[in-house]
Amino acid sequence: MIIAEKISEVKKYIKEWKKAGYSIGLVPTMGYLHEGHASLIERAVAENDKVVVSDFVNPIQFGANEDLATYPRDFDADCKLCSELGADLIFHPEPEEMYGDAFYSYAGVNTLSEGLCGKSRPTHFNGVCTVVTKLFNISEADRAYFGEKDFQQLAIVRRMVKDLNYNIEIIGCPIIREEDGLAKSSRNSYLNPEERKAAVILHKALTQGKEMICSGEKKAETIVKTITEIIESEPLSKIDYVELVDSEKLKPVKTIEGPILTAVAVYIGKTRLIDNFFVD
Ligand code: AMP
């Protein structure tokens, strides 16, 4: 597996692969890889001739008071996993390589970026769209793989690709969970044992919400209230949001009529966790 730190190096390999007629799959990550990332890489390996995994803690998607400095990293372990899974190239640039000392251009998607995580992280999705655009252009990938764990991010990237005619197919992949239901996340490593136990409350509450929707409850307010009460029963939790939104514009709904996303963001101690479920 090739380890590349420079954009020019990646482009050199991509040029060779394109010339040989290979299809290219891209898996954008911030590293500290776990089974959730592995599921995306496995799918990319199965569906493409060559697979590029980017491993880059993207500074511009972090707000001023967020965890950029402490975000967990283990590049050696990431390389081992990517190589075992059959990835062809891992791209691990320094922030200077991606943004230099002056950077003036941003990509972004209105409306979809305003609600849910966008409310408490107003610059986050522009940072995501910008890095994703750069990675699409650098890798010239035919397909890019994203997890439904970050449903809003996936919806925004899909929208950007559609609106701006990017020449890439976006593939959404299901949420991979721990045995007790907690969605796998690099940030779970912040949790101490007591918080780790408490964190299962997100899944418990969402499961109850899902049962209500599947057994015919149509009032969003009733479902939000139940989910909120369950999460609040956990003393270590503090809710950022609990929302039911339509899956296209991601705007809150009053009554469930079509495909619906139920999404939560909750602090367990100081760690902000997100989870969701989608009912088609
Ligand atoms: P991150 O490194 O957290 O930026 O995530 C990189 C990609 O992996 C994103 O597309 C995430 O949605 C996806 N991902 C993270 N956790 C999971 C999970 N538990 N299941 C599926 N995909 C995930």
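Select alanine 199. Not counting residues up to four places away in sequence, alanine 199 touches Leu182, Leu191, Ile268 and Leu273. Touching, or contact, means heavy atoms within 4.5 Å. Alanine 199 lies in the loop between α8 (193-198) and α9. At 0% relative accessibility, alanine 199 counts as buried. Buried means under 20% relative accessible area, exposed means over 50%, and partly exposed is in between (1.4 Å probe, protein chains only).

How far apart are alanine 199 and isoleucine 268 in space, C-alpha to C-alpha? They are 6.3 Å apart, although 69 residues separate them in sequence.

Before moving on, know what you are viewing. This is a predicted model, in which local features need pLDDT of at least 70, side-chain atom pairs count only at pLDDT 80 or more, and totals for chains, interfaces and linings use all residues. Residues are numbered from 1 along each chain as its sequence is written, and side-chain values use heavy atoms, with hydrogens and water left out.

**Stop 1: asparagine 188**

Select asparagine 188, in the loop between β6 (169-173) and α8. Is this residue buried or exposed? Asparagine 188 is buried, with a relative accessible area of 11%. Leave aside its neighbours within four places in sequence, and asparagine 188 is in contact with Leu182, Ala183 and Leu273.

**Stop 2: helices α9 and α10**

Select residues 201-214 for α9 and 220-232 for α10. The labels follow DSSP runs, numbered from the N terminus: helices are H or I with at least four residues, strands are E with at least two. The two helices pack at an angle of about 155°, with their axes 9 Å apart. That makes α9 roughly antiparallel to α10. Axes are lines fitted to C-alpha atoms, for helices over the stretch in contact, and angles run from 0 to 180 degrees between N-to-C directions. Under 35 degrees counts as roughly parallel, over 145 as roughly antiparallel, 65 to 115 as roughly perpendicular, and the rest as oblique.

The crossing of α9 past α10 is right-handed. In a right-handed crossing the near helix is turned clockwise from the far one by less than a right angle; anticlockwise is left-handed.

Show the side chains next. On α9, the contact is made by Ile201, Ala205, Leu206, Gln208, Gly209, Met212 and Ile213. On α10, select Thr222, Ile223, Thr226, Ile227, Ile230 and Ile231. What classes of residue does this contact have? There are nine nonpolar, four polar and no charged residues. Nonpolar covers Ala, Val, Leu, Ile, Met, Phe, Trp, Tyr, Cys and Pro; charged covers Asp, Glu, Lys and Arg; the others, Gly among them, are polar.

**Stop 3: the sheet**

Colour the strands. Six of them form an open sheet in the order β1-β4-β3-β2-β5-β6, with parallel pairing. β1 (2-4) and β6 stand at the edges with a single partner strand each, so one side of each has no neighbour in the sheet. From one strand to the next, the twist averages 25°. Two strands pair if DSSP finds at least two bridges between them. Strands of a sheet pair through backbone hydrogen bonds, either parallel or antiparallel.

Zoom in on β2, residues 24-29. Six of its six residues are buried. Both faces are covered: Ile24, Leu26 and Pro28 lie on one side, and Gly25, Val27 and Thr29 on the other. Six bridges join β2 to β3 (residues 50-55), and the two run parallel. Glycine 25 stands opposite valine 51 in β3.

β1 pairs with β4 (residues 89-91) in the parallel sense over three bridges. Isoleucine 2 stands opposite leucine 89 in β4. Helix α3 packs on the sheet, touching β1, β3 and β4, and its direction makes about 150° with that of β4.

**Stop 4: helices α2 and α3**

Ala38, Ile41, Glu42 and Val45 in α2 meet Leu81, Cys82 and Leu85 in α3. By class, the contact has six nonpolar, no polar and one charged residues.

**Last stop: two positive phi angles**

Most residues other than glycine have a negative phi. Select glutamate 140, in the loop between α6 (124-139) and β5 (143-147). Its phi is positive, about 50°. Glutamate 140 is partly exposed, with a relative accessible area of 41%.

Finish at asparagine 165, in the loop between α7 (151-163) and β6. Phi of asparagine 165 is positive, near 55°. Asparagine 165 is exposed, with a relative accessible area of 66%.
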